Structures are given as C-alpha cells and as structure tokens.
Amino acid sequence: MLMGQYEHTIDQKGRVIIPAKFRDELGDKFVLTRGLDNCLFVYSLAEWSNIETKLKTLPLNRKDARAFTRFFLAGATECEIDKQGRVLIPSILREHAKIDKEVIIIGVSSRVEIWSKEVWLEYSNNVDVSFEDVAEHLDDLNI
C-alpha cells in the first residue's frame with residue numbers, strides 16, 4: 001500500500017526525486033498522468049493495466065466517458081526512474097498541476113499523487129474544514 005507524505009523540489013530540468021518507499025512499490029517504470037484536483041497521478045504498470053481495463057469498459061456513446069478517457073490518457077506517459085531516483089515530469093503535466101518548484105508527494109493506496117506545494121496546502125486546508133463531515137458519511141461508503 002502506498003501511503004505517507006513527502007516534500008521535494010523540482011530541479012531546473014523538471015525532475016523530481018520519487019521517495020524510496022514509493023519507488024519500491026512503483027518499480028523502475030510507471031505511468032504518470034493528469035490527476036483530478038490539479039495534481040498528477042502515478043501508477044505502477046500493473047495498476048495502470050487495471051485502469052486501462054476499466055477505461056475500455058466505459059460506453060463510447062456517453063460524452064462524459066469519452067471526455068474523461070481523453071483527459072486521462074492524453075496526458076499519460078510511461079516514466080523511468082534514473083540512478084538518482086528522479087523522474088522527469090513533462091512540461092504539459094507540470095502545467096496541469098501548477099508545479100513550479102516545491103512539490104508534495106503523497107501515497108494514496110494504489111497510486112501516488114504529485115502536487116504543487118501551494119495547491120496542496122490550499123486543498124488540504126479546505127478539506128480539513130469538512131473532514132469531520134466526511135467522516136460522518138463514511139457509513140454510506142461501507143467504511
């Protein structure tokens with residue numbers, strides 16, 4: 001399971017160090033794509049295969065399904081970790097996530113998320129306000 005939170009910086013070439021705990025789970029190659037809430041999603045190749053299978057089942061006649069599939073796959077790229085534990089984040093993905101210098105990298109069960117530190121702080125501050133409300137409704141999700 002991927003979990004935890006780490007803070008890193010992007011170098012001038014657009015590379016970031018992936019935490020060692022995450023590298024162990026993700027492997028040497030993985031898929032990086034646009035995520036929701038202005039972050040990036042990172043999937044191991046095995047988990048990406050599961051995602052692709054699910055995307056293939058979405059109905060082509062639904063406009064929202066086509067739009068989501070395009071959004072998700074158009075930004076996807078297979079990445080490889082270099083000898084220093086870094087990965088290059090393509091500029092189009094850095095722009096999507098508003099990543100400039102400082103990033104927060106978090107584990108979210110089956111994926112890693114890469115956030116601009118500024119966007120993450122804004123997001124987490126807003127979520128903290130309603131965290132108790134969300135917790136009250138977890139029964140609806142069978143948790």
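This is a predicted model: local features need pLDDT of at least 70, side-chain atom pairs count only at pLDDT 80 or more; totals for chains, interfaces and linings use all residues.
Six strands form an open sheet. Their order is E1-E7-E8-E4-E3-E5, and the pairing is antiparallel. Strand E1 (2-9) and strand E5 (77-80) stand at the edges. Each has a single partner strand, so one side of each is left without a neighbour in the sheet. Neighbouring strands are turned against each other by 25° on average, direction ignored.

Strand E7 covers residues 102-109, and strand E8 covers residues 111-116. The two pair in the antiparallel sense over six bridges.

Helix H2 spans residues 45-56. It lies across strand E3 (29-34), strand E4 (40-44) and E5. Its direction is at about 110° to E4.

Helix H3 spans residues 63-74 and lies across E3 and E4. It runs at about 130° to E3.

## Positive phi at Lys-98 and Ser-109

Most residues other than glycine have a negative phi. Lys-98 is not a glycine, yet its phi is positive, at about 55°. Lys-98 sits in the loop between helix H4 (91-96) and E7. Its relative accessibility is 52%, so Lys-98 counts as exposed; the cut-off for exposed is over 50%.

Ser-109 also has a positive phi, of about 65°, although it is not a glycine. Ser-109 belongs to strand E7, whose residues are 102-109. With a relative accessible area of 43%, Ser-109 is partly exposed.

## Ser-124 in helix H5

Helix H5 runs over residues 117-136 and includes Ser-124. Is Ser-124 buried or exposed? Its relative accessibility is 14%, so Ser-124 counts as buried. The cut-off for buried is under 20%.

The side chain of Ser-124 has a polar contact with the backbone of Leu-121. It reaches the backbone oxygen of Leu-121 at 3.3 Å.

Note on methods. Residues are numbered from 1 along each chain as its sequence is written. Side-chain values use heavy atoms; hydrogens and water are left out. Helices (H or I, at least four residues) and strands (E, at least two) are DSSP runs, numbered from the N terminus. Buried means under 20% relative accessible area, exposed over 50%, partly exposed in between (1.4 Å probe, protein chains only). A polar contact is a pair of N or O atoms within 3.5 Å; within protein, one must be able to donate a hydrogen and the other to accept it, and residues adjacent in sequence count only if both atoms are side-chain atoms. Two strands pair if DSSP finds at least two bridges between them. Axes are lines fitted to C-alpha atoms, for helices over the stretch in contact, and angles run from 0 to 180 degrees between N-to-C directions. Contact means heavy atoms within 4.5 Å.
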